[in-house]
Each structure stands twice: as C-alpha cells, then as structure tokens.
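Let's take a friendly walk through the charged side chains of a protein model. Please open the structure and follow along.

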Amino acid sequence: AQSYLTLIADQQNLAISRETVAAQQSSLDLIQRRYEGGLGTELDVRQAQIALQGALANQASFERQVSQDYNALAVLVGGPLPELQPVSLSDDALDLVAPVPSGLSSDLLTQRPDIRQAEYNLLSRNADIGAARAAFFPSITLTGTYGFASQSLGDLFASGAGGAWAFLPQITLPIFQGGRNKANLDLAEIRKEKAVVGYEKAIQVAFREVSDELAARETLDEQLKSQRRLVAAAQKVYDISQARYKSGIDSFLSVLDAQRELYVFQQNEIQIERQRLANLVNLYKVLGGGE
C-alpha cells in the first residue's frame, strides 16, 4: 500500500512538472516575441530559458521516479503489473481502507503479531494468558470523536508523567500455574520473569504506536486543509503576476518567483496528502490489521 501511494504521489508530481514545462515554454515564447518587438529585455529571455530548463530537469527526475516505483511494485507482486489508471491522492475512488471509526476497543491489539508472540512466550512459561491480560492489558476505548485518539488513550501517556507509560498493572490473580507460582506473587516478583517483561513491553509499544498514529492523523488533516488554502492563494499570486508582467507593470522575475513558489506548494500538498493516507495504512497495521 505504501509503495502504491508513493507511485501515485510521483505520478501527480510528474503531471505538475509537465504542466510547469508547458507554462514555461509558453512564457518563453511570449517573452521572445516581446523582446523581438522591442518590448522586453534579453535578461527576461535568459531567465525564461533557465526556468524552462529547470522545469525540464524536474520532469525528467519524476519520470525516472515513476518508472522506479513501477519496478518496486512489480517486485512486490512478483510479476508484471496490470494497467494502473491515473488517480489523484485526493480522489474518492482511491479507497484503500475504510476510515477508522470511533469507539474502537483496545482488545483489537491482541491481534498484533508482536503481542501474540509475547503471549506465546508466556504460555511456554506455563502462564495463564487470561490472568496476564487482566493484569497488564489496559481495557479502554482507543478512538473517540471522528476516530481520533480517545481521552483514555491519552491518559496512558499523560503529560504529567513526561509522556511515559502511566498504566500500573494490577496483579489480582497469579499468572503462573504450577508449583510455587500458585501463590499470589507481587508485581516486582512477577517482573523477574523475562517473558513477563517482554509481554509488558510489547503492550506498551502497541499502545504507543496507536497513540502516535492517531495524533498524526488529527494534525495531518489540519495541515492538509491549510496547505490547500496556501496553494489556492499562491495560484492567485501567480495569475496576478502574469497579468502585471503582460501589462508592463512588473518584470518577469516576479512571475518566476510566483511560479516557483506555487510549484513548491503544490508538491508539498501532494506530500502531505500521501502522508495522510500512509498514516491511515499505518493505523490498520498498528491496530493489528482491523476487525
């Protein structure tokens, strides 16, 4: 999924670079005609030529990246790729995974391979997994409103604790069976077992990864909205600068600056959109693969 998102992002960047090349070529043609008619300067012509060559270099770079992205996907699927129709990262048709709903139970995390492995390690030590989960596994709701992090999840990494794990296991049952382990051992004694330490650590990592991805999801949504507004504003600046140049008010340098800024903002928007979708893919991974 991540490789596919990278391909789509590079395809969009390639499309923008091609549009930029076409715009720079049109600008060069216009400036050349103005110069030949005595309305422009040789400096404007040279600046336009430099801008065009820079745009052509960017286009070649993205063409190479798209080709390499296809190769990487072919390796992943183990054979030739089917024809992939061009799609935008913001296209509703790009429905890789369903949105993360509110009210997800932390029980989902027991599907994670690392937690399962840690539980099998406990089983090999003759442990009662039900008792271990009751003692070490926080039973909370992971997602709140709009599928963002719940307050309960945030409390596990409370700022007052320096962002450290704040859940204190409650040992109410012996987690080991047989021999002396039938006794109600205290937490310090139980933590002497390597398998217990590994289990507790696996749980902490799982909840931390979910918390991090949910935090990123909320901020990436806001960042993308701001970036789209930025691109729209930069597009207006570029349009105005072109009109002012054609009217003889400004030099072509102002057009180049506006175009360069717009191009960077457009690329940043694609990158943020890719990060937002990659975050959703990562969420399903850290949640154990979904329900």
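What follows is a short tour of salt bridges.

A word on the ground rules: this is a predicted model, so local features need pLDDT of at least 70 and side-chain atom pairs count only at pLDDT 80 or more, while totals for chains, interfaces and linings use all residues. Residues are numbered from 1 along each chain as its sequence is written, and side-chain values use heavy atoms, with hydrogens and water left out.

Side chains of opposite charge can pair when their charged atoms come close. Here a salt bridge is a side-chain nitrogen of Lys or Arg within 4 Å of a carboxyl oxygen of Asp or Glu, and the structure holds 13 of them.

Start with Glu 119 and Arg 133, whose side chains form a salt bridge at 2.7 Å, N to O. This pair links distant parts of the chain, 14 residues apart: Glu 119 sits in helix H3 (residues 113-124) and Arg 133 in helix H4 (residues 129-136). Helices are DSSP runs of H or I with at least four residues, numbered from the N terminus. Glu 119 is buried at 8% relative accessible area, whereas Arg 133 is partly exposed at 32%. Buried means under 20% relative accessible area, exposed over 50%, and partly exposed in between, using a 1.4 Å probe and protein chains only.

Now move to Arg 228 and Glu 273, which meet in a salt bridge at 2.6 Å, N to O. Arg 228 belongs to helix H7 (residues 194-246) and Glu 273 to helix H8 (residues 252-286), so the pair ties together parts 45 residues apart in sequence. Glu 273 is buried, at 4%, and also forms a salt bridge with Arg 276, with the closest N and O atoms 2.9 Å apart. Arg 228, Glu 269, Glu 273 and Arg 276 are linked in a network of salt bridges.

Note on methods
Helices (H or I, at least four residues) and strands (E, at least two) are DSSP runs, numbered from the N terminus.
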